[in-house]
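Me: I am new to this structure and would like to learn how to read its aromatic rings. Could you take me through them step by step?

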Amino acid sequence: MAVLPRTVAFIAATTAVILAMAGTVAYNIANNSSNADAVTWWVPDWDYDAARKLVATFEKENSGATVNLVKTTGDTVANRTSVALNSGDVPDVITESTSRIKGYAAKGQLTDLSGQYGPSMPKSDFAPGLVNSLTAQGKTYAVPYRWATNALIYNPDLFEAAGIDSPPTTWAEFEEDAKRLTKGNVVGTAWPIQGDPSDLTLRLLDFAISNGSTIKNGTPELTEPSVKNALDLIGGSITAGWAGSSSFELDNTAIHELFLQGRVAMYQGGVFDVDDAVTHKAPIATAELPGPDSSAVGTAQGSGWAYIVPAKARHKDAAEKLVAFLGRPANMAALTLTFPARLSAFKDPKFQTELREPYVRQLTDHSTPAPDDPRWTAILPGVHNEIQKVGLGQRSSSAAARNIVAQADKALGR
C-alpha cells in the first residue's frame, strides 16, 4: 500500500518530536547529576564545550570530585541568577557578568572570595582596576576570567586610497582622516544611534573619560568640558558630514555590515567584529583608540564575566577549589573567546596575532572597568537623547553637556 504524502509528513514530524524529547531527556540526565556531593556550575552556552574539557581535567586532578555543568544563556542568566540568589536555591558556582556582581554583593548574597588572591593569583596580574571593581568594603566577591573592550577598526585599503599611511592617534587626526575618507558612498565613521542606548553612550563615555571624566567605584564622575568634547566628536561629526547621517538608522551590527561592504572606513568595535571581517576576507586593520592629543592614548571601558560563589552554596570549599582551578592563566585562556582577565594569560598564542595586539595594549594599558552603578544605567536613555539632539542640530554640544552632567548629578545624588 502506498503511503500518502500527508502520512509521511505526520510520521516524520512525530519522529522528530520523539527524537527531540529523547535528546532533551538525555541532556537533562547528563546535566543534572543526582550526586549530592557534586559541585554545580552554571556556565553560559558559549563556554560549555570548553568547560566540559576543563572539568574533566579538574576531576582528574582532584580524585573523587564531581562537577555538574548546567548550561545558561546570555539572555537568561541575569534573571535566573537573581531568582536563585533571592530564593536561596542556588548552584555552587555561577559564571556571571561583572556588571551585576556588586548588586548581589550589596544584598549579602555572595561568598567573599578574597582568599583566592595571593601568590598564585596576584591582583596585579589582572587588567587595570578589574579586581577593585569587584571589591566592596574590603572584600572581593568574584574572580574575573573574561575581559574585552573596543579598539579602532579601520579599512587599510580605503586609508591608502585616501593617501593616509597610518591610523589616527589623536582626535584631531581622527577628524581630519575621517573627512578625507568621506567620499562617494564612503563615510569616515559612523555611530550606533539606532541601537541599544548603552552602545552609543559607551562611545560618549570612552571619549569623556579620556579627557577628564572618571569612573570611581563603578560610578561615573563627569566633567562638563569632557562631555562637550565627546559630543563634538559624535554629534558634531554627523552635522559636519564626516560621520554618516545614516547613523540614526544604524546599530552595531549594521555599522559592521557597512564596514564589510567598504562603506564605513573606521569605527570603534570589538574583537568579534575583527574575527568576522577576517572570515569574510574584508580589508581590516586595528589600532588603539585615538586620544585627545599626542600625549595620551584614548581610554576604553572594559566589561566581562567572572565566577561567583553564592553565600548559600552547599559545597563552598569544593566550589572555591574549582574557581581557583579555573583562575589559572592557561585555563582562562582556554575558556575565553575574547581576552582573559589575567595579564599573564595573554601569552597564549591566540592573543598574539597582529590584529589582536592593539586590543591587548588597549586592555592592559588604556582601559578601565565600565560603570556598574544602576543609577547610571537608569539615565542612559536621557543621555542617548541628548546625543541625538546634537547630531540632529537641535541642541548645541555645550547645552547638551550641561544637561547630561545635570542628569548624572541628580541621579547619582550629587
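Reply: Let us begin with burial: a residue is buried under 20% relative accessible area, exposed over 50% and partly exposed in between, using a 1.4 Å probe and protein chains only. The model is predicted, so local features need pLDDT of at least 70 and side-chain atom pairs count only at pLDDT 80 or more, while totals for chains, interfaces and linings use all residues. Residues are numbered from 1 along each chain as its sequence is written, and side-chain values use heavy atoms, with hydrogens and water left out.

Me: Is phenylalanine 58 buried or exposed?

Reply: Phenylalanine 58 is buried, because its relative accessible area is 3%, and phenylalanine 325 is likewise buried at 3%.

Me: How many aromatic pairs are there?

Reply: Rings of Phe, Tyr and Trp (its six-membered ring) pair if their centres lie within 6.5 Å, and planes under 30 degrees apart count as stacked, over 60 as edge-to-face and the rest as tilted. By this rule there are 15 aromatic pairs. One of them joins tryptophan 41 and tyrosine 307 edge-to-face, with 6.0 Å between centres and 75° between planes.

Me: Where do tryptophan 41 and tyrosine 307 lie?

Reply: Helices (H or I, at least four residues) and strands (E, at least two) are DSSP runs, numbered from the N terminus. Tryptophan 41 belongs to strand β1 (residues 39-44) and tyrosine 307 to strand β12 (residues 300-308), so their pair ties together parts 266 residues apart in sequence. Tryptophan 41 is buried at 0% relative accessible area, and tyrosine 307 is also buried at 0%.
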